[in-house]
Amino acid sequence: MQKKFLSFAVALFAVLLVLFAHLGARLTASAPVFSLAEEKRIYLTFDDGPSTVVTESILDTLAKEQIKATFFVVGERIFGREETLRRIVKEGHTVGVHSYTHRYREIYASDEALLADAEACAKLIRKTTGVVPAVYRFPGGGEHPSAAALLRQKGYRIVLWNAVCGDEEIKNADAATLLQTALQTAKGKEPVVLLLHDSAPHRATAAALPAIIERFRQAGYVFCAF
Ligand SMILES: [Zn+2]
């Protein structure tokens with residue numbers, strides 16, 4: 001009787017051992033799910049486009065790397081580049097409003113002027129792509145509280161940035177400088193919202209993009225779009 005009980009206990013222990021080992025393996029396998037909150041995120045944001053060569057080249061890189069980004073476009077620059085804008089949407093990126101004219105004096109003349117300018121850009125995006133844009137970035141940056149409140153009422157989320165690649169700040173910066181500037185200014189930011197430009201003069205930005213993606217990926221970042 002005692003012997004029978006002993007073998008039963010051993011069998012039960014073995015079953016429990018297998019069960020726990022299995023459960024442990026499952027927990028280990030699903031561990032990344034629980035660490036999502038600690039995941040490092042970077043948003044690549046491109047302002048001032050669309051352009052023809054630079055935007056298309058950036059789209060090629062993003063497609064190759066299977067990354068989604070956000071493009072804050074200038075309404076006036078859409079003319080003649082409708083296909084590029086449609087490609088941005090078709091490939092799953094986010095299109096945001098970055099004004100119709102990018103002319104500070106006109107846009108910042110009053111909150112009403114800014115709103116009318118934003119709506120003109122949004123209308124053209126909608127007409128060209130069918131998408132209603134829901135994110136906005138102020139030309140030249142800044143927070144502009146009263147205009148921001150009006151934009152929020154219209155349903156826009158205002159997107160600032162906290163890191164730059166230096167393609168506007170550093171004159172004639174080459175791809176290596178842009179990469180270093182992006183890495184330096186992104187240090188300690190969570191999430192990183194990186195400002196880049198895809199307007200016509202910024203071939204160096206397009207050239208730097210593969211290395212920027214590679215280095216942030218190596219550092220454990222996940223790429224996000226707004
Ligand atoms: Zn701009």
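Colleague: At roughly what angle do the axes of helix α8 and helix α9 cross?

Modeller: Start with the general idea. Two packed helices are described by the angle between their axes and the distance between the axes. Now the case here, in a predicted model. Helix α8 covers residues 175-186, and helix α9 covers residues 203-218. Their axes cross at roughly 45° and come within 8 Å. α8 and α9 are therefore oblique to each other.

Colleague: Which hand does the crossing of α8 and α9 have?

Modeller: That crossing is right-handed. On the α8 side, the contact is made by Ala175, Leu178, Leu179, Ala182 and Leu183. On the α9 side, Ala204, Thr205, Ala207, Ala208, Ala211, Ile212 and Arg215 make it. Sort the contact of α8 with α9 by class, and you get ten nonpolar, one polar and one charged residues.

Colleague: Pick one of those residues. Where is Leu183 found?

Modeller: Leu183 sits in helix α8. It counts as partly exposed, because it has 16 C-beta neighbours inside 10 Å. A residue needs 20 or more to be buried.

Colleague: How many residues apart in sequence are Leu183 and Ile212?

Modeller: They are 29 residues apart in sequence. In space, their C-alpha atoms are 8.0 Å apart.

Colleague: Which residues of α3 meet α9?

Modeller: Val54, Ser57, Ile58, Thr61 and Glu65. In α9 they meet Arg203, Thr205, Ala206, Leu209, Pro210 and Ile213. By class, this contact of α3 with α9 has six nonpolar, three polar and two charged residues.

Colleague: And how do the axes of α3 and α9 lie, parallel or antiparallel?

Modeller: Helix α3 spans residues 53-65. Its axis and that of α9 cross at roughly 10° and come within 8 Å. Angles under 35 degrees count as roughly parallel. α3 and α9 are therefore roughly parallel to each other.

Colleague: Step back to the chain. How many helices and strands does it have?

Modeller: The protein chain has nine helices and eight strands. Of its 226 residues, 36% count as buried. Take the contacts with a separation of 6 or more: 74% of them join residues 24 or more positions apart.

Colleague: What is the mean pLDDT of the chain?

Modeller: The mean is 89, and 84% of the residues reach 70 or more. Over residues 16-20, the pLDDT is below 50. That stretch has zero contacts in the model beyond near neighbours in sequence.

Colleague: What about residues 22-34?

Modeller: Their pLDDT stays under 50. For residues 22-34, the model has zero contacts beyond four places in sequence.

Definitions and conventions
Residues numbered from 1 in each chain as written. Predicted model: local features only at pLDDT ≥ 70, side-chain atom pairs only at ≥ 80, totals over all residues. Axes fitted to C-alpha atoms, helices over the stretch in contact; angles between N-to-C directions. Helix = DSSP H or I, 4+ residues; strand = E, 2+ residues; numbered from the N terminus. Parallel < 35°, antiparallel > 145°, perpendicular 65-115°, else oblique. Left-handed = near helix turned anticlockwise from the far one by under 90°. Contact = placed C-beta atoms within 7 Å. Nonpolar A, V, L, I, M, F, W, Y, C, P; charged D, E, K, R; others polar. pLDDT = per-residue confidence, 0-100. Buried ≥ 20, exposed ≤ 12 C-beta atoms within 10 Å, placed from the backbone.
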